Amino acid sequence: MHIEDFLREITAIRGLSGDEALVSAFVKEAFAPLCDEITVDKMNNVIARKKGPGPKVMFSAHLDEIGLMVVDIEKDGCLRLGNVGGVDPRILPGQRVTVYGREPLLGIIGAKPPHLLTDEDRKKNYLREDLYVDLGFPYEKVKELVQIGDQVQLEHRYVELKNDQAAVKTCDDRACVAIMYQALKLLQNIRHEADLYFVASSQEEVGCRGVMTAAFGVDPDFGVALDVCHAATPGAPGWRTHKLDSLVASMGPYIHPVLRRKLTEVAKDNNIALQTAVVPRNTSTDADELGRARAGVPTVLLELPLKYMHTTVETFNRNTLKEGGRLLAQFAAAVSAEWEDELWT
Amino acid sequence: MLRDTLQTLLNAYGPSGSEHAVAEKVRELLEGHVDSMKTDALGNLIVEKFGADENAKTIMVSAHMDHIGLVVTNIEENGFLRVGAVGGISPELVRGRKMVFQDGLPGIAVLEPNVKNKARQDLSDLFVDIGAETREEAEKLVSVGDVCVYAPDFTYLGKNRVASPAMDDRCACALLAELLMYADNQKNHIVGVFSTQEEVGLRGAGVAAYAIEPDIGLAIDVTAWGDTPETKLPAVKLGKGPAVKIMDRSMIATPAVREKLFEAAQAAGVIVQREVLAFGGTDGGAIQLSRAGVPTGTLSIPCRYVHSANEVIDMRDMEGALKILLQFVDLA
Amino acid sequence: MDLKTLTEAFGPSGMENEVRALLKEEASKFCDDISIDRAGNLVCRRKGTDSSLPSVTFAAHMDEIGFIVTGHTEDSLLRFRPVGGVDPRVVVSKWVLLGRERLRGVIGAMAIHLQTPEDRARVLDYDNLFIDIGANDKKEAEALCPLGTYAVFETEYAEFGDGFVAVRALDDRVGCLSLLQILKNSDYAGDLCCAFVTQEEVGLRGSASAAFLIQPDIAIVLEGTAANDLGDTEERFQVCVPGKGVAISFMDKASIADKGLFEMMKEAAEKNGIPHQIKRGITGGNDAGSFQRRGKGARTCVLSVPCRYIHSGNSVAKLSDIKAQSDLALAFLKSLTA
């Protein structure tokens, strides 16, 4: 499968944090022919191992997605919503969704119309509490089909834009799962010493929970987390954004400096462009928990810049995606046991 | 009797970090009913009752013993005590309440009535009056670091309801104690954890789960209510059955465990509610993320006015919950 | 090893190398089993001869608060953010050292002559604060201080007043110093470990790993903690007072002290005439949270040296309190055997 087809397919699959079984199964099937061992653990983490005699390296990109959950059913049949992960309420009014009740149901997110709001309220954003899902069914029918706790998924469309850009929901972070897929494909023809574990992790959007248990289980020597970061968009603070056309290697206290240097060296040797981000504290990615698993794991973070994160039009550069696969594969091939001696120099 | 067990446990002193008096009561209740009891470094009381099946799974069932309180941070010249929060205790809810220290010393929590230029009063405006007239007198009675809690006060409300401080989470301790007493030749191993320091961040349950390495985790705790005039969420009502948690801030219940709870409820003939809570957390969150992950769920008792001196529950929800628990340890 | 040498070492969270190297050299005089773990913690162990005694770990963090370069402006200044909690109001008009090479920089602000009344009312936040290294242009600034360059306040070690000391990084080089004292002077017969940990200031990172690795029965954390005793502060907001001895904590945001240990500490201090106080106030948090909760959990307690202006370029402590910290740690070890 081509990396972009992989991404197109996987971004459509339902997999809200805490209930990733379907998307885990998809990843397992896609990765299985490319690795030596593959398991899905108790938290729905997919753990694919490509064996080697050297140090254990764990790569982690999360496969869960943000979405909504039914928290109450009103007497008029509309559904009230709660968050699974950080959904910006500003993107919701007028959005089309799928409600996974006893069967998948199409719904539209509605709100009190502007002409019924006071002048003052019109100047504010809608809050999630003001919004609802309209299923177009009467109360009795809705009660038959939907229960509290059912999941609500945002609409999926894969749109190609100019200059190698494309937009789709859940690039965060399945684009990075696609990068791991690409790396695994490339590694079929590259020798590597390290014992490689590619982990598609669960529950990142609710607090990096999957990677905690996956990393405990794998017990790696080195960690590489993959996630998305921000590309420049209007109003965004400049120091937190990056260009869309190349990957980003973060630095800061949560990132191991020597391992990061190795990563930049590999990128340079292979003519892969790399930008730098500085994160003064926690990175809010799998890297944070991977780094503190068991007695600690020296960890680096590789990021793919995205415009409009946590919307349904997360926009990325397709070439950057492919370069990500190449960098990851070359890095995996470069890891050697000698690195251990340099860690604290 | 569930109600007697509950009342016994409600009377024990036990703020986060000082739960041993509650543990003692539990030990007395369970003596002779279980296979082992031990206390770990954080004060968790860990109780085993072995299962009958040769392929028995280990189910860790956790209920926390600790509750919220006020810790003395300074003794002032005039004999008043300044305090800080142990867990989520709010100045509005604690104002005017009678408090007690470990040795039974009473005090009144007072929110300073004469505060100017402040939109909202906080804990720094609160003091505890133990009747001392000087610092010297007060220092003979309490030390900095001592913790006071709501004075025990058990009230029947209507036919089925009871109000008391510390219902969060002694009602779950009562359920867990009765589960351990009445489970008989059940299929799976039950490891009951009467846990500590939940109110300050699920601390006890985390280390207990690490040591126990259970196959399945279950927390019992109270949840909020959605059935008073202006409160609609969570969509959970008192007296309409215990609630199976779908998610809260600490955990998304493992779908398989959640479904087992629904199954157990059906087998027990108990109606249950479905709970989605936008805030809060339980020991379940800590158990689920222990080691390489533990499939975990939470069974909740709907409780009004949580963290006040009158936490109200419905005994019918309690009786239903006990039936579900007894089924669950056989089914899972 | 003296406090001056220790506080001169450069060690913002994530770049503790210099501190670690210093401590390793010194600790190796008193301890054979020294290792650096996966999180960069320096772990010094001494196997005991009496297995009936509890295993005890003392921990102090090597890292300090500081800054990190996050960008370069067109007019050749460095943008930066704090590493750990540094109030921007303590940053204006200060000197900094950048990188291992200790390049000099200054943090300025617009002259008061030029400010409008609104400028004066507004707190200069990190979006409006810059480090100036005197570069000619952006390119030079980038070459000298690339992204991710760490910086610390530049402060000279000074003893002043009635036995006080002012210098940066007292939090927690005082604890490091006490750990060395313990290694040097203790004859505890149980398993003993001294862990110099990383990254406390950015979320108790190093200790999370060390705690998991060591999993002792008892963990005692030696810290510097905030004192707020001056400036007509109401007694109840003072937390602790420099000069009144080492502060024993009953609780903070990260951990609640084990009641038994807390009592043992007070007793050991009283019996041995070691100046001590109870830390009043429950704010802040430290590595005890890690030791208490990682793995199977441990009984913990925290002993702190009261420090004024703790996260600034000039933290202040009393030398006698620093001595009391290691004295009490050693007395406690003795009381375990008694």
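**Strands, chains and domains in a predicted model**

In chain B, strand β7 (residues 106–111) and strand β8 (residues 126–129) run antiparallel and are joined by four bridges. Strands here are DSSP runs of E of at least two residues, helices are runs of H or I of at least four, and both are numbered from the N terminus; two strands count as paired if DSSP finds at least two bridges between them. The model is predicted, so local features need pLDDT of at least 70 and side-chain atom pairs count only at pLDDT 80 or more, while totals for chains, interfaces and linings use all residues. Residues are numbered from 1 along each chain as its sequence is written, with chains lettered from A and ligands numbered from 1 in the order in which they are written.

Across from B:Ile108 stands B:Asp129 of β8(B).

Chain C is assigned domain 1 (3–64 + 168–337) and domain 2 (66–153), with bounds from an automatic or database domain assignment. The centres of these two domains of chain C, taken over C-alpha atoms, are 32 Å apart. Their contact takes 11 residues from domain 1 of chain C and 13 residues from domain 2 of chain C.

Definitions and conventions:
Contact = placed C-beta atoms within 7 Å.
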